[in-house]
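Subject: The structure I promised you

Hi,

Here is the structure for you to look at. Open it up next to this email, and I'll walk you through what turned up.

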Amino acid sequence: MLTRFALGLFLLFSFHVFATAQVVASYEINGIKGDLEKNVALYLKQLEGDNATSTLLSHAKKQVASSLKALGYYKPTIKLNYHNKTQTLVATIERGPVTRIADVRITVQGDGKDDPLLQHSINTINLQQGDILNHSDYDAARKKIEGQLLELGYFDVKWLAHQLAISLKNNSAEVILTIDTGVRYQFGELVLGEETRAEKYIRSIAKFKQGEAYKATLVSEYNLALSTTPYFSSVRVYADISNRANKQVPIKVDVLHRPANSYEIGGGYSTDLGPKVRFKWSKPWLTENGHYLESNLNVSQRQQDISLGYTVPVDNPNDDLWRFSVGYKLEDELTNDVYSKILTGQLQRQWLTDDNWVRTAFLRRDRETYRIGDAEQSSKMLMPGLSYAKKVTEGGTTPSSGYQWLLSAEFGLKDMFSTTNIVRMQIQNAWLQTYFDRHLIFLKANIGAMLVDDIDNVPFSLRFYAGGDQSVRGFAYQSISPEDEAGRLIGGKYLITGTVEYNYQFAESWRAALFVDSGTATNDFTDRVEVGAGFGIRYLTPVGPVRIDHAWGLTKESNSTRLSITIGPEI
């Protein structure tokens, strides 16, 4: 009896040791490289920790074959061996002949047959005769066509055929896609989810009309435009596809109004200003016609400003309006020996041009007291002007692509309530684009010029300076400027700055950045062009990226660096 018990323990122990020894601890791939190796490795890595049984090896061989087929290799030779000593699964592979696309046959029936937008999407899919067959390209082509069909309002689409016809004999494949698009739907009635006093503006903002051909992009843009108005805390716009009828699809709008008073608090930090605090108060509905009030307060150790604006919508509360604003701003030695305080009031009329530029005509009255060194001066300016602005982005609060323009011109006349004669112009442009999902390029330029006899007669707030976290990083705020005989920074007639920045997204919510900034503020273009460079990190949040930058002034004598933290997108 004892002998049998001991034998049982021995056999149990032996089985345990054997089972432990058969675990797959690592893998090795021989005979293939590049994407083929990566595709096989994605599967083999999942086997780590499993027991290397004959069933597992048989199943693994089939999976390896499937991973090779996905990249166009249907006749591979695969050998799988398990090395017990090293606990390594070794895959030795001869990939065999490659399968190429012999023909791509895409047939469209229904209204989409003659639709140029749909045909353009089909013509640009990544499937061409002679290409190596790649199943992911085939799947992506189908999804692209399906996405474009939904974008254009083909809600009754049917796939009559979608297949890859593989010829093992000829090592070839035929792509066969046959689509019945059905009818292309039109925009139907605009249906509001509940009664709202903002109905007039909700309807006026829509850039489509009932009976026009449906396009999902216009619905998305409409949703964004409503969200940008001051009235709503939540907006949902969608095509009510389930209730489509008579070739039209209703557009539903559900909104949630902001409270009678809204508050926002933010902040940041920069080497120039130290800690910064921002407070915003808005009252989104003052009258039955949608007049609204907005106030902003920004406070740091050396800079404070407060503004109050009253807005009267004319039609579109985002782009067609009258606005009156007053403000006060104080800067206390942001640059050495410079002090400035300014009280301003402005009346402006803003509306869209036919090509969607935001045009603003304004009349501004400034009363400013400033000191550069020991000399204190005061000025009064009455300046009419005109500006044009345009911003186009994709990606919401964290844009993946887009551009922005701002062009402005203003003037003051000594004979018309101004301290000096002046014409001041400025052009700003920013552009960004994302490549291969992870690589973002951001470019920015700022050019300014003024016509004036003597820079000493120009109010401090109108002079051009460069430097700071929104200009040439690595240099202090407004530290790039012409100097007087005492070395004090007096500002210039001309400005030119530029930025080149590269971002790499290394995780879902994180990007690393490298950048170079350069520029100068000058009176005669004899001043040196300064250059700053550095690196940063971007944390992507629902309200926009948090940008942390560390920069050096490459052309300045000091080796000191500057840190800045800002919240919000590049454009």
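Is Glu 264 buried, exposed or partly exposed? Partly exposed: its relative accessible area is 35%. Before we go on, keep in mind that this is a predicted model.

**Salt bridges**

Glu 264 has a partner, Arg 278, and the two form a salt bridge whose closest N and O atoms are 4.0 Å apart.

How many salt bridges does the count come to? It comes to 22.

Now have a look at Arg 424 and Glu 410, whose side chains meet in a salt bridge at 3.7 Å, N to O. This pair links distant parts of the chain, with Arg 424 in strand β19 (residues 422-435) and Glu 410 in strand β18 (residues 401-412), 14 residues apart. Arg 424 has a relative accessible area of 12%, so Arg 424 is buried. Glu 410 is at 9% and counts as buried too. The cut-off to remember here is that buried means under 20% relative accessible area.

Next up is the salt bridge between the side chains of Arg 538 and Glu 501, at 3.0 Å from N to O. Arg 538 belongs to strand β23 (residues 530-541) and Glu 501 to strand β21 (residues 494-507), so this pair ties together parts that lie 37 residues apart in sequence. Why does Arg 538 count as buried? Because its relative accessible area is 0%. Glu 501, at 2% relative accessibility, also counts as buried.

Arg 538 and Glu 501 are also part of a network of salt bridges, in which they are linked with Arg 473, Asp 517 and Asp 549.

Let's move to another part of the model. In what order do the 3 strands of the open sheet come? The order is β7-β9-β8, and the pairing is mixed. The edges are taken by β7 (186-192) and β8 (232-239), each of which has a single partner strand, so one side of each is left without a neighbour in the sheet. From one strand to the next, the twist averages 20°.

Strands β8 and β9 (residues 248-257) run antiparallel and are joined by 7 bridges.

Ala 239 lies in strand β8. With a relative accessible area of 17%, Ala 239 is buried. Which residues does Ala 239 touch, leaving out those up to four places away in sequence? They are Tyr 214, Val 249, Pro 250 and Ile 251. For a sense of distance, Ala 239 and Ile 548 are 309 residues apart in sequence, and their C-alpha atoms are 40 Å apart in space.

How values were computed. Residues are numbered from 1 along each chain as its sequence is written. This is a predicted model: local features need pLDDT of at least 70, side-chain atom pairs count only at pLDDT 80 or more; totals for chains, interfaces and linings use all residues. Side-chain values use heavy atoms; hydrogens and water are left out. Buried means under 20% relative accessible area, exposed over 50%, partly exposed in between (1.4 Å probe, protein chains only). Helices (H or I, at least four residues) and strands (E, at least two) are DSSP runs, numbered from the N terminus. Two strands pair if DSSP finds at least two bridges between them. Axes are lines fitted to C-alpha atoms, for helices over the stretch in contact, and angles run from 0 to 180 degrees between N-to-C directions. Contact means heavy atoms within 4.5 Å.
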